[in-house]
Amino acid sequence: MSVWKNLGEHEVYSNPWLRINLADVELPDGRHLDHYLMRLRPVALCTAVNEADEVLLLWRHRFITDTWGWELAAGVVEVERGESLEEAAAREMLEETGWRPGPLKHLLTVEPSNGLSDALHHVYWSESAEYVGHPEDDFESERREWVPLADVPDLVAGGHVRSANAVAALLMLHQLRCRPVG
């Protein structure tokens with residue numbers, strides 16, 4: 001079995017959002033290498049699918065990659081305050097879209113960059129949502145829209161959904177809700 005062993009790590013940099021550590025890694029053949037890694041707080045994502053099989057999405061710009069794309073409401077879980085994953089998902093959806101989700105279901109958990117980071121992204125969804133008002137965090141997106149789930153494969157293929165967590169979640173929701181009849 002080819003297992004890389006983390007023999008220890010020390011912190012190189014930290015802030016409230018992340019820690020960068022340097023690990024002493026032993027390879028299966030006994031060699032050692034220094035490997036930088038990021039330790040991150042968990043992230044919760046949330047969306048809703050309405051009766052028309054439309055999914056609530058954010059159209060936003062990401063300055064790091066200088067790209068636009070459809071995404072799900074998302075943010076870090078306030079673990080230090082005792083916030084649960086589900087509570088964080090519902091909070092983020094309300095803050096970023098102005099819609100309060102109904103009862104949440106866990107859709108999936110992904111490791112978006114497990115060669116560099118221990119980040120876990122937990123995706124939740126609801127089959128209902130209530131519009132509460134203009135989003136508190138409206139600066140996070142240019143617009144919020146209900147997008148047909150049937151359009152998801154084309155949006156992904158066309159590069160209009162770029163975030164790996166959103167791609168995985170939306171393709172899974174498409175599979176769950178847009179199966180051919182018969």
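Biologist: What should I know about the model before we start?

Modeller: The model is predicted, with local features needing pLDDT of at least 70, side-chain atom pairs counting only at pLDDT 80 or more, and totals for chains, interfaces and linings using all residues. Residues are numbered from 1 along each chain as its sequence is written, and side-chain values use heavy atoms, with hydrogens and water left out.

Biologist: Which residues does the "domain: Nudix hydrolase" annotation cover?

Modeller: The label comes from an unreviewed UniProt entry and covers residues 39-169. Positions follow the numbering used here, feature names are shortened, and such annotations may be inferred rather than shown by experiment. In the model, that span is 19% helix and 38% strand, and its end C-alpha atoms lie 23 Å apart. Helices (H or I, at least four residues) and strands (E, at least two) are DSSP runs, numbered from the N terminus.

Biologist: Why is E83 called buried?

Modeller: Buried means under 20% relative accessible area, exposed over 50%, and partly exposed in between (1.4 Å probe, protein chains only). E83 has 13%, so it is buried. E83 sits in the loop between strand 7 and helix 1.

Biologist: And V79, what makes that one partly exposed?

Modeller: V79 is at 47%, so it is partly exposed. V79 is in the loop between strand 7 (73-76) and helix 1. Its C-alpha is 8.2 Å from that of P42, although 37 residues separate the two in sequence.

Biologist: What makes the E83–R91 pair a polar contact?

Modeller: A polar contact is a pair of N or O atoms within 3.5 Å; within protein, one must be able to donate a hydrogen and the other to accept it, and residues adjacent in sequence count only if both atoms are side-chain atoms. The side chains of E83 and R91 make theirs at 2.7 Å. A polar atom of the E83 side chain also lies 2.8 Å from the backbone nitrogen of E78. R91 is one of the buried residues of helix 1.

Biologist: Why is D66 exposed, and why does D53 count as partly exposed?

Modeller: D66 has a relative accessible area of 58%, so it is exposed; D53 is at 22%, so it counts as partly exposed. D53 lies in the loop between strand 4 and strand 5, and D66 in the loop between strand 5 and strand 6. D53 has a positive phi of about 55° although it is not a glycine, and D66 has a positive phi of about 55° without being a glycine.

Biologist: Which element gives the most to the lining of the second largest pocket?

Modeller: Strand 6 does, with 5 residues. Strand 6 covers 67-71. The lining has 14 residues, with R62, F63, I64, T65 and E71 nearest the centre. A pocket is an open set of points on a 1 Å grid over the protein atoms alone, with protein on both sides within 12 Å along at least five of seven lines, and lining residues have an atom within 4 Å of a point.

Key. 1 Å grid on protein atoms, 1.4 Å probe; cavity = no way out; pocket = protein on both sides within 12 Å on 5 of 7 lines; lining within 4 Å.
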